[in-house]
Amino acid sequence: MSGKRDQLYLEAMRILACFFVIFNHTETEGFFLYLQQEQTSLRFWSYLLISVLCKFSVPLFFAISGALLLAKEGAIKEIWAKRIWKIAADLLLFSFGIYLWEVLRGRQVFSLRTFFIYLYAFEWNPPYWYLYAFIPFLMSLPFLRPLVKNMPDHAFYYMFGLAVFFDGILPVAEYLVWKGQITLNGNLRVGWLTSNIVLYPCLGYFLQHRVDILTCKKKILGLWALNLLTLLLTVFMTRYAAGVTGLWSEWDTQTFFNSFVLIDCATIFLTVRYLFARYKVPKAAGRLIASVGGCTFGIYLIHVHVLRKVRLSGIGDLLRETWGIDAMVTAFILCLLTMALAYIPILLLKRIPVIKRLL
């Protein structure tokens, strides 16, 4: 494929990941809809399945970054000068904007000392954990680049196998046997390898640079079968754990949500890449995908505030109660509306040279 087409499918992945990041923050109007359903109903199981599925979103962002950045060369000075400063500046400026908003609403008393303490130790906006994590990923590029470029394919498979075992298979087996009372000693785990800033960038590099996409249709079908199996297992374990603990709240039910997200992420990455390799995208659609994909980082930075306005607008109630649209379909519509409303100001801001460098 040409470089432009190659870049286009990565932009499509960004759009898909961004959409499900937004969905992940819809709370009781989307992500936690399963908590409002009868646990024997089809809607309960289907809503829960969608909420588990959406967890591929942030890992996919890391995988895209790995596919692009790990293949490049660059001095440490260049990484700091061109990349780390940008993310640090975004974290500082947008966190400060949130802080000022809280001050104007009377929820905080203005104090630069308080702001910098919170910026250093906490997060003004919980979704910004990605920015905190992305900076160490960029710092790690001088180590990760030679690592992935010199690793044989079987070593990548070994890495992914260890991740699936320690993050998915072992926790599930432990819980089925000991009901959460006994877990493996933490020193025996490979936490450094399964962290977001190592595992998923390596996955993205492998899927981008080591896989012949035009000959892997059967592998993708096999991945989808495995992905569906692990998604259903996660759904089962979520319900099973709730039965063991008796806890059925928003956070208590997410214990196993990320258990097999590596398989989910790999399946989505290869599927999108394969579809764009096999089928021609109309020029108009391609331009739109490139434009929206190029704005996804900015959309991510402001989406929580836009989503809050959309949720308070009453559109959801209108769709559900007046028009009788299914609650999950309504949640998806709210996510699309949030993306569209956030896309417009980001697109305009990207026309300003100084701000464009931050977005």
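This is a predicted model: local features need pLDDT of at least 70, side-chain atom pairs count only at pLDDT 80 or more; totals for chains, interfaces and linings use all residues.
Trainee: How do I describe two packed helices?

Mentor: Two packed helices are described by the angle between their axes and the distance between those axes. Take α11 (residues 217–245) and α12 (residues 261–278) here. Their axes come within 9 Å and cross at roughly 145°. The crossing is left-handed.

Trainee: Which residues of α11 and α12 make the contact?

Mentor: From α11, they include Ile220, Leu223, Trp224 and Leu231. From α12, Ile263, Ile268, Leu270 and Tyr274 are among them.

Trainee: How many residues of each class does the contact of α11 with α12 have?

Mentor: Sort them by class: 10 are nonpolar, 4 polar and 2 charged. Lys217 of α11 and Asp264 of α12 are among the contact residues.

Trainee: Now the surface. Which residues make the nonpolar patch?

Mentor: Look for Leu92, Leu93, Leu100, Phe110, Leu112 and Phe116. Together they make a nonpolar surface patch of about 530 Å².

Trainee: Which helix gives the largest share of that patch?

Mentor: Helix α4 does, with 3 residues. Both α4 (76–104) and α5 (112–121) supply at least two residues each. Leu112, for one, sits in α5.

Trainee: How many salt bridges are there?

Mentor: The count comes to 11, taking a Lys or Arg side-chain nitrogen within 4 Å of an Asp or Glu carboxyl oxygen. One of them joins Arg311 to Glu29, with the closest N and O atoms 2.8 Å apart.

Note on methods:
Residues are numbered from 1 along each chain as its sequence is written. Side-chain values use heavy atoms; hydrogens and water are left out. Axes are lines fitted to C-alpha atoms, for helices over the stretch in contact, and angles run from 0 to 180 degrees between N-to-C directions. Helices (H or I, at least four residues) and strands (E, at least two) are DSSP runs, numbered from the N terminus. A crossing is left-handed if the near helix is turned anticlockwise from the far one by less than a right angle, and right-handed if clockwise. Contact means heavy atoms within 4.5 Å. Ala, Val, Leu, Ile, Met, Phe, Trp, Tyr, Cys and Pro count as nonpolar, Asp, Glu, Lys and Arg as charged, and the others, Gly among them, as polar. Patches are made of residues with over 30% relative accessible area and no salt bridge: like charges are joined within 9 Å, nonpolar side chains (Val, Leu, Ile, Met, Phe, Trp, Tyr) within 5 Å. Accessible areas come from the Shrake-Rupley method with a 1.4 Å probe; for residues, only the protein chains shown count as cover.
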